[in-house]
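I opened my notebook to look up a few things in a structure, one entry at a time. Here is what I had on screen.

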Amino acid sequence: MDPIFLVEAAINGILLGGVLAVLALGLNLIFGVLDIVWIAYVDLVMLAMYAFYFMVQGHGWSVWVAGPATLVVGALLGIAVHLLIISPILTSAPINQLLATGGLLFFLQSFATFLWTTDHRSVRLSLPSVEIGGIFLPFTRVIPFAISILAMLALYLFLRHTYIGTAIRAVSQDRDAMALMGANPQRVYVVTSAVGGAMAGLAATLLSFQYSVHPFFGGQFGPLTFMICVLGGLGNMVGAFVASFVMSEIIAIGGVMFSTEMGYVIAFVVFIVVMFARPGGILARRE
Amino acid sequence: MLEVRRVTAGYGAFTALWDVSLTVAAGEAVAVVGPNGAGKTTLMRVISGLVPSRGGELVFEGTPLTGRRAHQIVAHGIAHVPEGRRIFPGLTVAENLKMGAFLPPARRAYRQSLERVYGLFPVLAERRAQRAGSLSGGEQQMLAIGRALMSRPKLILLDEPSMGLAPVMVFRLFDLIRRVRAEGYTILVVEQNVRQVLKLVDRAYLLEVGRIRMEGRAELLSEQDFVRKAYMGL
Amino acid sequence: MSGPRLAAALAIAALVGAPFVPMGGMRQYVLHVAIQIFIWAFIGSAWSLMGRFGLVSLGHGAFLGVGAYTTVLLWNHFRLTPWLGGPAGVGLAVLVALVLGYPCFRFRVVGHYFGLVTLAVGEVVRLLIIAERDCTDGSLGLTLKTAGGDSLLAVQFADKRVFYYAALLVWLAGLWIWHRVDRSMARAALEAIGEDETAAASVGIHVTRFKLGITVASAALTAFGGALYAQYITYVNPDTLSGIGVSLKIVFAVVLGGMYSLLGPLIGTALTTALSEGLRIAFGLKFLGMAETIYGVLLIVFIIFLPAGIAGGARRLVGRRVAPVTASPA
């Protein structure tokens, strides 16, 4: 194989990794605070992708308007999921919490099928490519990557330098203690779910540049997103960021060397093996 | 200032407190002593709203607080320094203190409170940028107390402040608590180190298997024969 | 004969006699639904062997897929009878369970992490089936090659009653195994693990070995159920027999029914099957996705309002008349 393909795959892996990191950080943020894995997280992304699609294709909105609007849609979805599903079962057994969001997954997939059929729909954006040393970099990947890096920087600043952001980090370390500081846990949960939902909305916009949306879109990225979060250490934001790029590189390079599915298989097997070696994630401190 | 009237509380099928009553007057320092599992920590958690009471009343400065949740009770001026310190290990010392001043009124007085806490505990000022989890046990306890002071409370609940500290550190800590008291705070403290704590407080309650067995002035309690034998190792 | 035993004997007699009750033209359909319920309830029982001890697997689709695909592939490509192909599939599933379980338990991969690791395994099997499309036909699925008529060797029968009795027998066997595990010495030990890992370890229980035993048994039974289901439906598909979707559906049925009771998986499976069949008939092909939409909503509602499952909820209503030996609210 021409090594140029490998280089190209590696670059595509980095570009994909940025968007995956947005997904993983959103899910991980929610996990860190609420201790619940939203199994249906990427299905919310799917819903937001439909929203973006209809704004752009149906109503002819500019991408620059539809993008932020999708972000808001995501945040509202996040709040709705928290208030309707998570809030009533906050003290239930973990398995019930997992299953409730699993039920949401079935619901979203079939409701989307009901409303919009299983047709694939894509936002047709014609953007040019740049060529650097024989490697073509399509703007449909470069722009989402750049935006995702900026978004993660914004998330970092939010968590580091705002009161509520610091409180979110504090709650993820000790729920009760934060209540003793006077923070209403429910309010922190809602804010966290909104931020996590907004990340889903952002990811939806960025993914719409490259992928068409269909009701089962979640299956494509859902399990991968969980793996990334676990690989990085559940609740560990830096770990999730690093793991996103590790996984996307494996998928991209495995994809050109074998097949797309084999790329995923290798990534998942690597994930399983790493879990045995470092059960707390790649960046976990050894006890 | 604080009145706990015939409070009953527990977890699941287990009742940890039976009809417990106690009062703390403004400016007082009061201790609750007793053996492991007597319900001391539960009592603190009931007062700060972490554990709901099943019966009885809780009144603070004339305002009934029964049934309020933890985050609402802080706003009334009660700060709880929980057992095991419960600082945020991944946050810096400064961020921990910032979280202490989470409520809007406390946030407005943040600068002032911070100076005051750094004045009381200079070591926290030195370590302000350090991760709280990397502090020593004694420093963590100071941080936990400092964090509670940031909310500008009137009453401070201290749950087992000396737990897990080296003997030398215990002395220093009790000294510091004395200084906190001198600043005008009212203190309710739960301790296993009975001998030390009785030197610190004005009055004390003896809690055994969920009931108040005895109460009185600290000197009085420390003179009781069975207290000396059972809790002070004399 | 004591009350519960008599009731059980009567229930089994009724189930054995059921296919002979005149049902007009509905017999085939009723049998079809009953067979599905028995097989999936059996798989549910297999899952709950682990689930009730705190080993919440989200990847049982892996064992299901391995069992079903091994059996079908060996028959289609080599004409190897399912009587040998099935055990081969079960053996392979056991191997997967060992390779997965040993390190997991050895290195204490627990809770969310265990759930997500098993989920990954389920996805790996699904993706492998799709990737090897040359011999598995990928995501199109694979039809079992016909033996050209009824054949005991090929385990293919036109009469649904054969499968009905087979499924009934298998389900009862599953209950028996569940019951045995429940009663065995291992029970107390495993429960201690579910409650508190270090406490169990300190009283000298070989945590790893017990967990592994349960996992292997659960995987083997699940693979067997998968093989049986494939023989009955005569069609396998990576999305319906492996991956996250089917894995979650198994867990749903069990949790819905109540994972700490013997009949929980059956109740849950019967309910979810009745629900999806009823909704399918009600909406037909008119509103594609509507049936599953309602199904999803009901699942969420059930989880929120019946957290202990139907069997658990019913028991609470009756007032804990029968002391539940294994009820632990986790």
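My entries follow, starting with the ground rules.

**Ground rules.** I'm looking at a predicted model, where local features need pLDDT of at least 70, side-chain atom pairs count only at pLDDT 80 or more, and totals for chains, interfaces and linings use all residues. Residues are numbered from 1 along each chain as its sequence is written, chains are lettered from A and ligands numbered from 1 in the order in which they are written, and side-chain values use heavy atoms, with hydrogens and water left out.

**Chains.** I looked up who touches whom, with contact meaning heavy atoms within 4.5 Å. Two pairs of chains are in contact, and A and C share the most contacts. Chains B and C do not touch, and their nearest C-alpha atoms are 12 Å apart.

**Chain C.** I found 15 helices and two strands here. Helices (H or I, at least four residues) and strands (E, at least two) are DSSP runs, numbered from the N terminus. Of the 330 residues in chain C, 51% are buried. Buried is under 20% relative accessible area, exposed is over 50%, and partly exposed is in between (1.4 Å probe, protein chains only).

**Helix α5 of chain A.** I checked its length: α5(A) has 23 residues and reaches 32 Å from first to last C-alpha, close to the 33 Å expected at 1.5 Å a residue. The expected span is 1.5 Å times one less than the number of residues. Its buried residues include T140(A), P144(A), S148(A) and L159(A). Among the elements covering the buried residues of α5(A) are α1, β2 and α10 of chain A.

**Where α5 meets α6.** How are α5(A) and α6(A) angled to each other? They pack at about 85°, with axes 5 Å apart. Axes are lines fitted to C-alpha atoms, for helices over the stretch in contact, and angles run from 0 to 180 degrees between N-to-C directions. The two helices are therefore roughly perpendicular (65 to 115 degrees; under 35 is roughly parallel, over 145 roughly antiparallel, the rest oblique). On the α5(A) side I noted F158(A), L159(A), R160(A) and H161(A), and they meet residues of α6(A) including Y163(A) and I164(A). The residues of this contact divide into five nonpolar, three polar and two charged. Ala, Val, Leu, Ile, Met, Phe, Trp, Tyr, Cys and Pro count as nonpolar, Asp, Glu, Lys and Arg as charged, and the others, Gly among them, as polar.

**Helix α8 of chain A.** Is α8(A) enclosed or open? 20 of its 24 residues are buried, so the helix is largely enclosed by the rest of the structure. Its end C-alpha atoms are 34 Å apart, which agrees with the 34 Å it should span at 1.5 Å a residue.

**Cores.** I looked up the largest nonpolar core, which has 245 residues; M178(A), F221(A), F271(A), M99(B) and F121(B) touch the most other members. A nonpolar core is a set of buried Ala, Val, Leu, Ile, Met, Phe, Trp, Tyr and Cys residues joined through side-chain atoms within 4.5 Å. Helix α2 of chain C gives the most to this core, 15 residues. Not counting residues up to four places away in sequence, F121(B) touches several residues, including M142(B), I145(B) and L149(B).

E61(B) sits in the loop between β4 and β5 and is partly exposed, at 42% relative accessible area. R86(B) also has a positive phi of about 50° without being a glycine. R86(B) is in the loop between β6 and α3.
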